[in-house]
Structure formats: structure tokens, C-alpha cells
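Thanks for coming, everyone. Let me put the structure on the screen before I say anything about it.

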Amino acid sequence: MLSHLRESLLWPMLWKEFVQMRRDRLTLAMMVGVPVVQLMLFGYAIRTEVRHLPTVVLDESRSSDSRALVAVMQNSGDFDVVARVEGRAALADAIRSGRARAAVVVPPDFEHDLKRGRTAQAQVIVDAADPMASAAAISGASLAAASLAASRGSLAPAAATARAAPPIEVRVRPWYNPALRSEAYIVPGIVGVLLTLTMLLITSMAIVRERERGTLEQLVVTPVGKTSLMLGKILPFVLVGYVQMTNVLVMGRLLFGVPIRGSILLLYTITLAFIVAMLGLGLLVSTVVRSQVQAMQLGFFLILPNILLSGFMFPREAMPVPAQWLSALLPLTYYLRVLRGILLKGLGAEYLWRDALVLVAFAIGLVGISVRRFSKTLE
């Protein structure tokens with residue numbers, strides 16, 4: 001009898017929960033829609049095969065053979081020639097600034113060595129801060145050299161078939177991370193990811209927690225303005241973010257030998273804009289949701305694109321163009337360039353000022369929108 005009564009009460013409870021779920025439309029939409037959106041987005045965008053690396057060419061041979069080598073490398077799909085430079089300084093500046101991820105250098109005696117039957121050498125310089133992209137460049141350069149040598153052999157006249165066609169050797173020189181150590185690439189990125197996780201999740205629940213605990217009522221009757229209230233929520237976590245960043249940098253240096261080649265002062269200065277941007281995004285989330293559960297759900301929904309599309313795990317060059325456009329809307333994309341540029345390449349403000357300005361714009365925009373959306377009312 002008792003078990004029958006319990007079973008009879010089960011259906012009303014189930015119906016009640018479904019009704020409550022239907023009323024909570026934001027949670028229902030995230031539960032149903034978020035997995036579908038993430039599956040479509042990440043299944044389409046994430047690619048581990050890196051191709052179409054932006055490449056500059058320094059052709060000191062200026063011969064038909066050197067042009068054939070560059071054409072073969074470009075036709076392989078691994079390299080996209082974006083510019084031709086006139087000297088080593090321009091080549092280094094293109095890679096250092098990020099305009100190019102690789103460079104093809106053809107020496108003056110390239111054609112002369114081929115005609116004399118000697119091994120002709122060329123060089124591919126790779127930005128090895130990303131080991132995955134540099135490994136793709138190394139493989140593509142070797143295949144291009146073998147393909148050109150084979151094509152020259154097949155086109156050789158019949159009288160020359162008795163002797164083998166002269167080989168072509170493409171030597172790869174990795175910059176910034178010669179040993180291709182993955183930890184040198186990952187550890188700087190962890191700084192940005194941790195700041196994203198903590199700043200976004202903690203602050204996304206700030207206003208909601210005040211509302212659920214009833215302390216928002218006390219804030220309503222105070223003369224504190226909206227801007228002062230929101231800044232009061234942000235500023236304490238700025239210090240927390242700097243402590244986290246410092247801990248990761250110190251441990252990364254001690255445990256993994258991650259270099260710090262650039263200015264720490266510049267890094268900490270630009271980091272302020274990124275921390276404020278992520279805190280502003282967290283506060284914006286807190287003005288949209290009505291419970292801490294919703295805040296966590298929406299926070300994780302925003303965190304996953306930052307981790308997977310920003311270049312932290314997968315090179316942006318491997319992503320389709322629409323995914324690269326989407327990653328341009330993420331503050332972490334620009335902050336990772338700053339981190340790796342300062343720590344691994346030793347870049348200065350003259351190379352990073354554009355990324356810094358974008359982060360400042362994100363910080364001002366997100367905090368401004370959060371302040372406008374916030375209302376000192378108990379709705």
C-alpha cells in the first residue's frame with residue numbers, strides 16, 4: 001500500500017519539475033541548445049592538421065629554379081606566400097611581428113649548384129613557438145624539396161639519365177623554440193586560460209549571489225552608484241589575477257624551464273586590460289542570469305570557445321576562415337599572442353601595441369555594457 005502511494009506521488013513530482021523547467025527558459029535553452037551548438041562549432045572548427053602557413057620569401061638566387069622551388073612549396077598547401085622581402089632584417093621583422101609564420105630563403109648559388117651537379121640548399125625558417133605548426137612546416141619543406149628534385153629528374157634529357165639529377169636539400173631552422181618543446185608553448189597559454197576561468201566564473205556569480213542571499217537589498221538603499229558598485233566587484237579580483245599569473249610564471253620557469261625573454265613590466269601592464277575585460281564579461285553574465293546555476297552554465301559555455309578557438313590548444317591557421325573570424329571576437333586570442341610574444345620571442349611594445357589596444361577596447365566595452373545593464377532593483 002505504501003509503495004503504491006509513493007508511486008502515485010511520483011508522477012506529480014515529475015510533472016512539477018517539468019513545469020518548473022519550462023518556466024526556466026534560459027536553463028532549458030542552455031541544456032538543449034548548448035550541446036548542439038558546441039558540437040557543430042567545435043566539430044567544424046577544430047583541426048589538428050596545420051596548413052597554409054603565412055610565408056615570406058627571400059629569393060637571393062632570382063632564377064627559374066628558385067622560383068620553381070617556391071612554387072612547389074606553395075602548391076603543396078603547407079605554405080602561403082604573403083610577401084617577398086629583400087633582406088634578412090625584413091624577414092626577421094615579418095616573423096617577429098606575426099605577419100608570417102615561416103620564411104623561405106634561397107641562397108644566391110642555388111641555381112649554380114644545380115647546374116654543376118652539386119646538392120643545392122635552401123632554408124626554411126619557422127616560428128617554432130607553436131611546435132605543431134613548425135612540425136607541419138618541416139614536413140612540408142622536405143616533401144617540396146623531394147618533389148622538385150623528382151620533377152627535375154623526370155624532365156632531364158635522355159643523355160643525362162645515366163647520372164642522377166642533383167638533389168635539393170631544404171634545411172629547416174626553428175626560431176624561438178629550437179627543441180620544439182610543447183611545454184614552452186602550453187605553459188604561457190595556461191596563464192591566459194586560468195585567468196579566463198577564474199575571472200569569468202567568479203564574477204559571473206557576483207551579482208546573482210548578492211540577489212540570492214538578499215544582500216542586494218542593502219546595496220539598493222545605499223548611495224553607491226552603479227559604476228562604483230560594479231568597479232567594487234572588479235578591483236579586488238584584479239589582485240587575485242596578478243597572483244595567479246605570477247604563480248604560473250614562476251612555476252613554469254622552475255619546473256619546465258619556460259623562458260622569459262621580454263619585459264615583465266610590459267606583460268603585467270597589458271595583463272591589466274585582459275583581466276578587466278574578463279571581469280567585465282563575468283559581470284555581464286551576472287546581469288543576464290537569475291541564479292548561480294545559470295551563471296555557471298553560461299560561464300562554461302563562454303569558456304569553451306576561449307579555450308578551443310583562441311589558439312591555446314589548436315593553431316588558428318588550421319581552422320576554417322569562419323572559425324578564425326569567430327576567434328577574433330575572443331579577448332584570449334589577443335592575450336595569448338601577447339603572452340607568447342613577450343615570453344618566447346622577447347617582443348616589445350612596438351610589435352604588441354595593436355593587441356594591447358584591442359584588449360583595452362574589450363575591457364572598456366564589456367565593463368561599460370555591464371554597467372548599463374545593471375539595475376539597482378529587485379526584479
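What you see is a predicted model, in which local features need pLDDT of at least 70 and side-chain atom pairs count only at pLDDT 80 or more, while totals for chains, interfaces and linings use all residues. Residues are numbered from 1 along each chain as its sequence is written, and side-chain values use heavy atoms, with hydrogens and water left out.

The structure holds 9 salt bridges, a salt bridge being a side-chain nitrogen of Lys or Arg within 4 Å of a carboxyl oxygen of Asp or Glu. One of them joins the side chains of Asp127 and Arg101, at 3.7 Å from N to O. Because Asp127 lies in strand β4 and Arg101 in the loop between α4 and β3, this pair ties together parts that are 26 residues apart in sequence; helices here are DSSP runs of H or I with at least four residues, and strands are runs of E with at least two, numbered from the N terminus. Both Asp127 and Arg101 are buried, where buried means under 20% relative accessible area, exposed over 50%, and partly exposed in between, with a 1.4 Å probe and protein chains only. Arg101 and Asp127 are also linked with Lys345 in a network of salt bridges.

A further salt bridge connects Arg337 and Asp355, at 2.7 Å from N to O. Arg337 lies in helix α14 and Asp355 in helix α15, so this pair ties together parts 18 residues apart in sequence. With a relative accessible area of 39%, Arg337 is partly exposed, whereas Asp355, at 9%, is buried.

Finally, helices α7 and α11 pack at an angle of about 35°, their axes 7 Å apart, with axes fitted as lines to C-alpha atoms over the stretch in contact and angles running from 0 to 180 degrees between N-to-C directions.
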